[in-house]
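Dear colleague,

Please open it first, and then read my notes beside it.

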Amino acid sequence: MRQNRDIARANSTQSLRIRSLENETSRLLAENLGLREQILRLQTELESGKAQGILDHTGAIKSQLEAKLLEISALITGLGNAPVPKKRSPRDGKITRASPNTSPDQKNWRNGCTLNEAIGGQEGRLPPILENKLFPRRTLEYVQLQDLHYHKC
């Protein structure tokens, strides 16, 4: 009998312990579900925040691109127009000397003939190269001598 009472007491103690552990397990599961819900909510907020940031950045880039396109469009439109003559001030009448580093040949490079003029109606062919020409080739020394002669005058 005494043995039965000890077993019943131990069984009762173990039963109470099991119930308290089951209650603790239920509470922890509920907390776990709450935390998972919070994680999902925060992830959704983060993604929507990133999406909003990306959307804002994209909008800013789009407006900058549109401004550049308008600028390019204005430049293209202005290509066909003649330049507007500027009003000259009394100072503009002064003659300025060219820099001493540029030779007369370099200053007049625009006066040379174009490729089409050089071709001269030869249907896409370049002019012939003369082999026994009587004038010297333009070498670096020749250009330097021309510059020295020009600056002495």
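This is a predicted model: local features need pLDDT of at least 70, side-chain atom pairs count only at pLDDT 80 or more; totals for chains, interfaces and linings use all residues.

Residues are numbered from 1 along each chain as its sequence is written, and side-chain values use heavy atoms, with hydrogens and water left out.

Searching the whole structure gives 4 salt bridges, a salt bridge being a side-chain nitrogen of Lys or Arg within 4 Å of a carboxyl oxygen of Asp or Glu. One of them joins Glu24 to Arg27, with 2.6 Å from N to O, and Arg27 is also bridged to Glu31, where the closest N and O atoms are 3.3 Å apart. Another salt bridge pairs Arg9 with Asp6 at 3.8 Å; both residues lie in helix 1, 3 residues apart, about one turn of the helix (helices are DSSP runs of H or I with at least four residues, numbered from the N terminus).

On the surface, Leu65, Leu69, Ile72, Ile76 and Leu79 form a nonpolar patch with about 540 Å² of accessible area together (patch residues have over 30% relative accessible area and no salt bridge, and nonpolar side chains are joined within 5 Å; areas come from the Shrake-Rupley method with a 1.4 Å probe). Leu65 belongs to helix 1, residues 2-79.

Conventions:
Patches are made of residues with over 30% relative accessible area and no salt bridge: like charges are joined within 9 Å, nonpolar side chains (Val, Leu, Ile, Met, Phe, Trp, Tyr) within 5 Å. Helices (H or I, at least four residues) and strands (E, at least two) are DSSP runs, numbered from the N terminus.
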